[in-house]
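Let's take a walk through this model together, one neighbourhood at a time. Keep the sequence to hand as we go.

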Amino acid sequence: MPTPSLSFELSVQGMTCASCVGRVEKALRAVPGVTDVTVNLATERATVDTDAATSDAALQDAIRRAGYEARVLAGDAPAEPLSRSGEPLWPVLLAAALSLPLVLPMLGMLFGADWMLGGGWQLALATPVQFWLGARFYRAGWRALRAGAGNMDLLVALGTSAGYGLSVYLMVRHADHGAPHLYFEASAVIVTLVLLGKWLEARARRQTTAAIAALQALKPEVARVRTGSGDVELPLARVKVGDLVVIRPGERVPVDGTVIEGASQVDESLITGESLPVARHEGDAVTGGSVNAEGLLVVRTTAVGAESKLSRIVRLVESAQARKAPIQRIVDRVSAVFVPVVLVLAAATLLGWGLGTGDWEQAILNAVAVLVIACPCALGLATPTAIMAGTGLAARHGILIKDAEALELAHRIDTVAFDKTGTLTQGRPELVAAVAAPGHDGDLLPWSAAIQSGSEHPLAHAVLQAATAAGVERLSASRVAAVAGRGMSAQVQERSLRLGSSRYMQELGVSTEALQARADELQAEGRTVSWLADVTDRPALIGLLAFGDTPKPGAANAVARLHALRVHTVMITGDNRGSAMAVAARLGLDHVEAEVLPADKAAIVNRLKAGGHTVAMVGDGINDAPALASAHVGIAMSTGTEVAMQAAGITLMRGDPDLVADAIDISRRTWRKIRQNLFWAFAYNVIGIPLAAAGLLNPVLAGAAMALSSVSVVGNALLLRRWQR
């Protein structure tokens, strides 16, 4: 018999980086009975699969022993971290305020001014920054040491402690004669800058959980259930499979189900990506989260709760975010080797000079000089300054980069997958053809506009806009009525007119043979065709109207620019193949995937990733959220849904697909600056550490070199401002 299995969801508090995720996973895997572990830094969740003998208390204890806090969540709990308030800003502001009086005298020295504070004042300002506001670095560094690893927090703790400790030593050593140069400002400024970087990272990370919360918000809280005693509103959690749910016009569909009574047009664009409302009759399926546009529907429930399509989309987004582990920072990878190397060199310097010369005071100064020159100020600034400059540059050009990891990853993009509706196209239907039957050239558009004048349907808006653009005289209509699932009827100029689908025409006995060939051509291009007929005396065809979604003005240029950047372009859409192929041909796209469901969109993105491609997904709808989260880089249009923008790392604020190429180009230039900055940061260390160990670089010069390395990386990053399209 197979061993019974359990799955636990735990909230984990205190994780700050990818190495924290690794430590939590390692601690959980060591618990007997655990078969699989996935830890998500973005949502601060751990998903643990165990056998039936493992308790949740054992899992929580393992996490606490690793240095973190944990609690077990219910299986349907919303994806929300324990630290919902995120990283507070006040420690950054307070650290900056305390550090400023220490830094200003350094600037004054450049102009011959002596603003230097006394040692006691410097100590009073630097101590709270070092040990109160910077306490997190000591805690995280200690956890890293216990795990036998090195990280950025350990580097910050070591380097700033060296500067602070040396300053205290010099104050005590020379208290009775002279005022030696102290290094309090170096330690305080490093702590302040790294705190700022941590706050920016946490702010970006919180954006990922908002996408799931917005998806959850699509579910109505109540459903109108038909019972033997009438229609009763019940909480959605009490609705069961098989219940009859009544959905009025304008309401959001609360459950997945099958229509057993009524007919209507249903807007499923947020779920399926279909640009036009779709007709739903008896026997047709409807999806929870879509909007009932016209008629009253009675739906037999087929799926609720976790089994509904919307819930599956939520799980896809959560799963994709869990798999998309944060990029391992270059500095973090290097620090794992850099920290022990620096410690060994400092210890060797101390022992070498102390045992070799007997001058232990000089030996301490030389060892501290090694630690000061190795203090990771430039290393810590190399990546964030370039990212901040790159994100600021992008924002000025209408590109909002909410996730620094997206900026880092975007430089490797070689494949861009586009959604069609609302991304490459306008996202609203337009009248693209009006073909009159013989003898009715002047009747088709005026009579169609008259019938549609009081309708709020998207196709009606398209007809009215086309009539206004053509300068058509507005006619009045009477007895206007919607025929659910078929079309409309009205009286115009004493004529009884009908406007609607092919099925409606067949029911009325109207022959469409005269224009059927043209209708077939338009439908092959993915157009939606409506017919206008006069049934006053005998049924007679007046003409056809064809509707379609037209490409955005900048879409063709966007595809051309991506090709110039050697980027492969793909369209992934829920629309029909004819419409998709027509748009792809106009824009010059390389490949098309049509009639794709939300889950399949993510699967196609994953297939591209499995083929060795670095993939960006560009979309604007809820149906794109799983694919946006699955891609290496998600790019959303601000003209689309809030969910898409929250699931993506990059948002195009003008909704212009041409900005995709800008985002990639800015990322490539930013990545180049990061590599250059890391080179300069390491160059100072490679040159300075041997000089300090040899006694040729005292702590004063070591501090100056460290400051110069910081200036060089910041100045290099600011050169990004010169970028132009």
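A quick word on accessibility before we start: a residue is called buried under 20% relative accessible area, exposed over 50%, and partly exposed in between, using a 1.4 Å probe and protein chains only. This is a predicted model, so local features need pLDDT of at least 70 and side-chain atom pairs count only at pLDDT 80 or more, while totals for chains, interfaces and linings use all residues. Residues are numbered from 1 along each chain as its sequence is written, and side-chain values use heavy atoms, with hydrogens and water left out.

Let's begin with charges. A salt bridge here is a side-chain nitrogen of Lys or Arg within 4 Å of a carboxyl oxygen of Asp or Glu, and the structure holds 15 of them. One of these joins Glu-69 to Arg-64, with the closest N and O atoms 3.8 Å apart. Glu-69 has a relative accessible area of 44%, so it is partly exposed; Arg-64, with 37%, is partly exposed too.

Another pair sits within a single helix. Helices are DSSP runs of H or I with at least four residues, strands are runs of E with at least two, and both are numbered from the N terminus. Glu-521 and Arg-518 lie in helix 17 (residues 513-524), three residues apart, or about one turn of the helix. Their salt bridge has its closest N and O atoms 3.2 Å apart. An α-helix has 3.6 residues a turn, so residues three or four places apart point the same way. Glu-521 counts as partly exposed at 46% relative accessibility, and Arg-518 is partly exposed with 32%.

Where does the salt bridge between Asp-658 and Arg-561 take us? The N-to-O distance in this one is 3.3 Å. The pair links distant parts of the chain, 97 residues apart: Asp-658 is in the loop between strand 26 (650-652) and helix 23 (659-693), and Arg-561 is in helix 18 (residues 555-564). Asp-658 counts as buried, at 6% relative accessibility. Back with Glu-69, salt bridges that share partners tie Asp-61, Arg-64 and Glu-69 into one network.

Now for the sheets. Strands of a sheet pair through backbone hydrogen bonds, either parallel or antiparallel. Seven strands make an open sheet with mixed pairing, in the order 14-26-25-24-15-22-23. Strand 14 (399-401) and strand 23 (591-593) are the edge strands, each pairing on one side only. From one strand to the next, the twist averages 20°. Inside this sheet, strand 15 (residues 415-418) and strand 24 (residues 615-619) pair in the parallel sense over four bridges, and the bridge partner of Phe-418 in strand 24 is Val-618. Helix 19 (residues 577-587) packs on the sheet, where it touches strand 22 (568-572) and strand 23, and its direction makes about 160° with that of strand 23. Contact means heavy atoms within 4.5 Å; axes are lines fitted to C-alpha atoms, for helices over the stretch in contact, with angles running from 0 to 180 degrees between N-to-C directions.

There is also an open sheet of three strands, antiparallel, in the order 10-9-12. Its edges are strand 10 (278-280) and strand 12 (291-292). Two bridges join strand 9 (residues 264-267) to strand 12, and Asp-267 stands opposite Val-291 in strand 12. Have a look at Ser-264, which is found in strand 9 and counts as buried at 0% relative accessibility. Its side chain makes a polar contact of 2.5 Å with that of Asn-292, and the side chain of Ser-264 also reaches the backbone nitrogen of Gly-295 at 3.0 Å. (A polar contact is a pair of N or O atoms within 3.5 Å; within protein, one must be able to donate a hydrogen and the other to accept it, and residues adjacent in sequence count only if both atoms are side-chain atoms.)

One last stop is helix 14 (residues 444-452). Nine of its nine residues are buried, so helix 14 is largely enclosed by the rest of the structure. Among those buried residues are Trp-447, Ile-451 and Gln-452.

Notes: Two strands pair if DSSP finds at least two bridges between them.
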